[in-house]
Amino acid sequence: MADVAPTNSMDDIVALCRRRGFIWQSSEIYGGINGFWDYGPLGAELKRNLRDAWWEDIVRADLVGPDDKPFDVVGVDCTIIMNPKVWEASGHVGGFNDPMVDDKETKQRYRADHMWVREAQGENGDSIFVAIQLGSEDEAMTAWNHYDQENRLPDDIHNSLSKAVKKILGGAYTFKDRPFTYLDVDDDQRIHVIGESASEAGTLTEPRMFNLMFETFVGAIRDEENKVYLRPETAQGIFCNFNNVVDTQRVKAPFGIAQIGKAFRNEVTPRNFTFRSREFEQMEIEFFITHPDHAGDGGLTPSDWYAYWRDSRYAWWQSIGLAGDNLQLREHDRDELAHYAKDGAGTSDIEYRFPFTAPGFGELEGVAHRTDFDLRQHAEHSGYGKKMQYFDQERNARYFPHVIEPSAGADRGTLALLCEAFTPTPDRQGSKYVMKFHPRMAPIKAAVFPLVNKDGMPEVAESLYKELRTDHPVQIDVKQSIGKRYARMDEAGTPYCFTIDGDTLSDQTVTVRDRDTAAQERIGIDKVGAFLTEKIGG
Ligand code: ATP
């Protein structure tokens, strides 16, 4: 697996994504639109492979619980626009807010909760407060520890701070190309926040709450009554259909409902490529377990199921290629938990060390015990009341089941696959980079090349290509030198290339080139299909 990608590799990854058709800016010809991204042909395949693997391994798989008993997960596909009362019940209308700070001078906008503030001594002995803008907590702590020990920022933190900051610290600092934001305290102990490029202190507004839901109107009249929201998460479509699923399917608790779909959040500061987008795709499971009161009589507790999902989701990300040190599981502290999860069995994040978060990590998937909060809320707000309860025949009891929610992002997952696969190959002839995708994720599984586009080779290549493409996504390429064609497939992350050359016509063998080692071997042309199936799965 790839080592930790250096921070500056992100520019190269973004450039490769653009050059090879993985990811492009949305509406690029009009200058793009901040926080929205399109997937090109290779990116669309990669993201589809990720979603398909999730669906196959969750909805279509034979799953067994920690008690070795099988259980079901069924799929739904719900609408993006729902009755707006859904979002009152879920707490999103009242509470789905980020504190937002504007810089009046530079017109930049920040999330106040992403500034990690620490107190330090200024040069003249005053307290100054240093806030690290928009980094992860890990990243902030790394810089902070350095600051604390040396009473100065790391050597690589230099040069591009605002004049106001320089005045206070008598120095100039940036951290990994990301400027710090500083807070100064005046005689009345009031904090002045200083924006990234501002020339004086006090140009930032107080934090204001900002609702992240996109609004639109249904029907011809654009008034409050017709206001609706684009869903900020897919989960609520699942909760609203809880009874429909129970009534129409042969499911019994514990069971899960899964959904893949778009979600929209008007993020204050979309950044880091697709990591924080305003339109993105989620892959969510709501897993309905028995009420904790019933766990004593032979059932599993919410903690058992929480641990099961946490560990199996972590193992799943490892199984599709994030097997190295860049993936970690992080259990939340109690005081970090969402209000509904305070009494629960726990919350954890599966995190990836992206080049832009390194040495810190960014969330790929959250696993949370949501208790029975959502079903109770919907029962109350919809007027369905106890009819929304689950009837447990075994126990002859009605209750709101508790829920474990593994909630993953398909775009962040795709970005993690891209970052993990990205491997500079300075020693390899022709290819500057190789994308070492797990074979299951690779957008193209194999390529077929005639060595030259004559002497009967194209015809043999064409017939091999046609044979292979019935089972696998493969490509044929006849253009340019063989070295350039290999390099192109290395950047696409294609695990194998089969080349038809002069010998093929006489001895019926082809060369197989391995993406990761560039090693070549010869195999019989009639063995190619079986070789590919064995290597990448059928
Ligand atoms: P963050 O703290 O990074 O904003 P979150 O904790 O709000 O994320 P959840 O509400 O738990 O995220 O959403 C579940 C998953 O959806 C996340 O783990 C992530 O993969 C994905 N996701 C959430 N917001 C975004 C976004 N703006 N862009 C891309 N993916 C996102």
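User: Which of the 15 residues around the ligand come nearest?

Analyst: This is a predicted model, so the contacts below are computed from predicted coordinates. There are 15 residues around the ligand. Those that come nearest are Arg-265, Glu-267, Arg-276, Ser-277 and Glu-363.

User: At what angle do the axes of α2 and α11 cross?

Analyst: Helix α2 covers residues 41-58 and helix α11 covers residues 410-421, and their axes come within 10 Å. The crossing is right-handed, and the contact is made by Leu-46, Lys-47, Leu-50 and Arg-51 of α2 together with Ala-410, Asp-411, Gly-413, Thr-414, Leu-417 and Leu-418 of α11. By class, these contact residues divide into five nonpolar, two polar and three charged. The axes of α2 and α11 cross at roughly 115°.

User: How many residues in the contact of α2 with α9 are charged?

Analyst: Helix α9, residues 302-319, packs against α2 at an angle of about 140° with the axes 12 Å apart, and the two helices are therefore oblique to each other. From α2, the residues Leu-50, Ala-53, Trp-54, Asp-57 and Ile-58 meet Trp-309, Arg-313, Trp-316 and Trp-317 of α9. Seven of the contact residues are nonpolar and none is polar, which leaves the charged ones, and these number two.

User: Why do α12 and α15 count as oblique to each other?

Analyst: The axes of helix α12 (residues 457-469) and helix α15 (residues 528-536) come within 10 Å and cross at roughly 40°. Angles under 35 degrees would count as roughly parallel, and those from 65 to 115 as roughly perpendicular.

User: Which residues of α15 make the contact with α12?

Analyst: The crossing of these two helices is right-handed. On the α12 side, the contact is made by Leu-464, Glu-467 and Leu-468. The residues of the contact divide into four nonpolar, one polar and one charged. On the α15 side, the residues are Val-528, Gly-529 and Leu-532.

Methods:
Residues are numbered from 1 along each chain as its sequence is written. This is a predicted model: local features need pLDDT of at least 70, side-chain atom pairs count only at pLDDT 80 or more; totals for chains, interfaces and linings use all residues. Side-chain values use heavy atoms; hydrogens and water are left out. Axes are lines fitted to C-alpha atoms, for helices over the stretch in contact, and angles run from 0 to 180 degrees between N-to-C directions. Helices (H or I, at least four residues) and strands (E, at least two) are DSSP runs, numbered from the N terminus. A crossing is left-handed if the near helix is turned anticlockwise from the far one by less than a right angle, and right-handed if clockwise. Contact means heavy atoms within 4.5 Å. Ala, Val, Leu, Ile, Met, Phe, Trp, Tyr, Cys and Pro count as nonpolar, Asp, Glu, Lys and Arg as charged, and the others, Gly among them, as polar. A residue is near a molecule or strand if one of its heavy atoms lies within 4 Å of it. Angles under 35 degrees count as roughly parallel, over 145 as roughly antiparallel, 65 to 115 as roughly perpendicular and the rest as oblique.
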